[in-house]
Amino acid sequence: MDFSLSAEQEMVRSTAHSLFEGQCPAGLLQAAWDDKRAAAPLWDEHLYQWVELAGADLVDLVLFMGEHGRAAAPGVFFASLQAAQLAAPTGLVAAGSATVAVAGENGLWIPHDGNARHHVPSAGDADEILWVAGSLAAPTMALVPTASATLTEVDQLDRLRPMYTVELPGPPRGIPVDPTAFAHAVDRALVTTAAELIGTGRWLLETSVEYACEREQFGQPIGSFQGLQWMLVDAALLLERADASVAYAAMCVDADDSDRDRAVHVAKAEAGLAARSVARTAMQVHAGTGYTFEHGLHFRLRRAYAGDAFMGPSGYHLDRLGQLLFSG
Amino acid sequence: MKLARSADDEAFRKRLAEFLEEHCPPEARLSNDFIASSEAGDDGVVSIPDWARKWQACLFDHGWMIPGYPPELGGCNATPSQTLVYFEEMTGRGIPRSLHFVGYAIAGPSLLEFGSDEQRRLAPAAIRGDTIWCAGMSEPGAGSDLASLSTRAERQGDEYVVNGQKVWTSYAMLASKCLCYVRTEPDAPRHKGISALIIDMDTPGLEVRPLRDISGHAEFAEVFFTDVRVPAANLLGELNHGWQITIGALAHERSGLWVEGVAICQRSIDDIVAMARRRGLGDDPVIRRRVAELYARVRGLRALGYKGFASFAQGGSAPEHSLMKVATSELQQELVELALDLQGASLAVTDPERSEEGGRWQRSFIKVLAATIGGGTSEVQRNVIAQRVLGLPRGS
């Protein structure tokens with residue numbers, strides 16, 4: 001397997017990096033925390049056109065999502081992208097922004113009937129909702145206007161990505177989806193979520209290393225203390241391992257490799273565990289500075305935990321791996 | 001980024017598989033232990049079994065000893081990615097190249113890189129295993145802090161006179177030659193007063209005392225030097241430039257050395273799953289979760305190794321690989337801990353009749369404790385990663 005990036009892939013990454021650096025500065029996160037409407041221009045003027053990455057190779061999308069996660073970008077892009085990816089096998093295309101209503105209370109993307117869906121990201125900002133029903137063996141999908149649904153916002157650690165419970169008065173007429181194509185689309189969604197976690201972790205680690213080099217106590221940079229160095233080394237190890245796992249899973253999904261199932265669960269579990277752990281290390285390294293609201297470190301810390309929970313936390317994916325190991 | 005390998009690499013893999021099928025002796029196949037075992041006599045002192053000597057020579061003669069080298073040095077001019085294939089195939093089957101690594105992994109490559117014409121002529125025998133080498137590095141006062149070594153060599157006429165002591169010197173009792181690091185300039189800064197000498201082990205004044213490790217075997221030894229006279233022509237590289245030699249060995253293989261650690265971990269996972277089933281623990285959610293956690297780490301490290309290889313093959317540095325030694329050695333230890341836990345009250349039983357797999361995990365437990373010590377402790381590795389990979393400042 002070859003992890004080297006092509007020139008086009010380097011281009012995707014650097015374009016995404018400058019896009020978020022320019023359009024999603026720290027001030028936007030603060031503003032969107034206070035009023036989610038502040039994130040609207042990021043979608044309206046820039047990110048809407050990137051939803052077409054839903055049809056791209058996953059190895060390319062992973063690079064874009066890494067930068068999205070690094071910026072802890074607020075707004076409806078994440079939900080719209082996930083909706084577009086999941087709907088791809090049906091040909092359903094949202095006209096504007098969209099979100100995905102599939103999960104039950106356990107957060108897992110297992111299709112089921114009933115009038116309520118949980119953990120629906122950014123529903124309040126989405127024009128349409130991709131409503132998934134049926135079962136894993138016979139999933140169905142429909143695009144419904146958000147205005148036809150009842151939304152209840154459920155307060156989250158990560159206020160930059162609000163979550164909703166969504167209810168419909170009655171079941172919409174859904175299009176049947178090939179179950180294999182559905183499983184494939186869910187794998188893409190998992191790797192996309194994992195890739196965002198890696199980017200968030202990357203920001204946390206790099207910012208912590210920089211801070212440890214600058215901040216002086218006892219007459220020297222705190223980064224020269226061995227206790228702190230080892231914490232950062234362990235954080236780097238977790239993150240690099242998870243980063244490689246995510247890239248590998250993306251390659252497996254693109255190639256429809258027989259290792260795909262295991263690779264995807266490894267990627268989501270590793271990314272969730274790494275992002276959470278790196279976030280705690282980052283907080284400890286920044287200490288009082290990081291615990292101060294204005295610093296903004298907490299936005300990434302919150303995203304790390306929210307991202308781990310999305311589509312099932314790391315523990316769930318480890319248990320799936322356990323099943324594959326012991327019954328395979 | 002892509003999964004598929006080139007047709008050239010696959011052809012290389014097939015050639016290697018055919019060679020192994022035809023030539024690999026049964027003793028070298030599927031060694032379950034974490035480190036391939038040499039034989040030990042009643043006194044615990046190890047020896048290199050006959051099959052292992054023949055196997056190493058066979059690998060050399062067919063160009064499969066160090067594939068990246070040309071045929072006269074036991075290789076077949078393999079590309080970096082073919083070398084990676086080589087590691088995958090060998091370690092995936094649990095086949096060791098050699099039971100004594102110093103000659104082919106340290107002495108041979110160092111002679112080739114730093115040696116005079118005459119010294120370079122010693123390399124093929126070192127790599128083929130015809131000459132057994134030891135490396136005189138650690139001393140009682142210089143372990144992790146190797147640069148503080150104090151065994152000294154003074155120039156007298158055409159000779160260096162060596163006095164001092166080495167310790168934990170692998171295979172010293174079997175070796176006929178020693179690549180020995182000595183202090184030649186006591187007043188220079190620590191790293192700048194060290195030189196490398198090639199010392200014949202039968203030189204008068206040199207005494208080897210085998211030293212048993214906690215497995216009960218003596219694989220390493222103490223080496224004492226009392227007025228040992230070494231010809232000045234045996235200086236390897238430039239005077240006082242020995243430190244570069246300690247870090248230069250086998251650079252072209254370092255990008256693939258992690259494969260073995262990952263393969264060992266992967267085999268352990270498979271064996272642990274089988275043991276858990278055998279012991280009726282296959283449905284225990286706590287056991288499953290622990291196995292899955294370690295499995296995810298093995299898979300993550302495997303991906304990280306390949307990622308580092310990609311940047312290495314493109315000529316870049318590969319910080320990933322400095323993380324791999326720490327990570328795989330610590331993971332090996334955790335896997336053995338889990339394997340012991342699965343054995344309940346029998347976890348400490350070594351009686352081959354009354355323990356799982358003939359006491360294999362108990363032996364592994366003892367052996368793998370060395371993995372986070374030898375070749376640089378995990379603590380020193382973390383210091384190095386902090387400063388060279390993350391760029392954190394040195395303490396004052």
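Two strands count as paired if DSSP finds at least two bridges between them. Helices (H or I, at least four residues) and strands (E, at least two) are DSSP runs, numbered from the N terminus. This is a predicted model, in which local features need pLDDT of at least 70, side-chain atom pairs count only at pLDDT 80 or more, and totals for chains, interfaces and linings use all residues. Residues are numbered from 1 along each chain as its sequence is written, while chains are lettered from A and ligands numbered from 1 in the order in which they are written.

**A sheet in chain A**

Let us begin with Met141(A), which stands opposite Ile175(A) in β7(A). Strand β4 of chain A, residues 139–145, pairs with β7(A) in the antiparallel sense over 2 bridges. Both belong to an open sheet of 4 strands in chain A, ordered β1-β3-β4-β7, where the pairing is mixed. At the edges stand β1 (98–101) and β7 (175–176) of chain A; each has a single partner strand, so one side of each is left without a neighbour in the sheet. Helix α5 of chain A (residues 77–87) packs on this sheet and touches β1, β3 (128–134) and β4 of chain A. The direction of α5(A) makes about 65° with that of β1(A); angles run from 0 to 180 degrees between N-to-C directions, and axes are lines fitted to C-alpha atoms, for helices over the stretch in contact.

Domain bounds come from an automatic or database domain assignment. Here is how they fall:

| Domain of chain A | Residues |
|---|---|
| Domain 1 | 7–173 |
| Domain 2 | 179–327 |

Taken over C-alpha atoms, the centres of domain 1 and domain 2 of chain A are 20 Å apart. Their contact (C-beta atoms, placed from the backbone, within 7 Å) takes 32 residues from domain 1 of chain A and 34 residues from domain 2 of chain A. On the domain 1 side, α2 (26–34), α4 (58–70) and α5 of chain A each supply at least two residues. Which helix gives the most to that side? It is α4(A), with 10 residues.

**A helix pair in chain B**

Now to chain B, where the axes of α3 (residues 80–92) and α9 (residues 258–278) come within 9 Å and cross at roughly 30°. Angles under 35 degrees count as roughly parallel, and α3(B) and α9(B) are therefore roughly parallel to each other. Among the residues that meet are Leu84(B) and Phe87(B) in α3(B), and Val259(B) and Ala263(B) in α9(B).

Notes:
Two residues are in contact if their C-beta atoms, placed from the backbone, lie within 7 Å. Angles under 35 degrees count as roughly parallel, over 145 as roughly antiparallel, 65 to 115 as roughly perpendicular and the rest as oblique.
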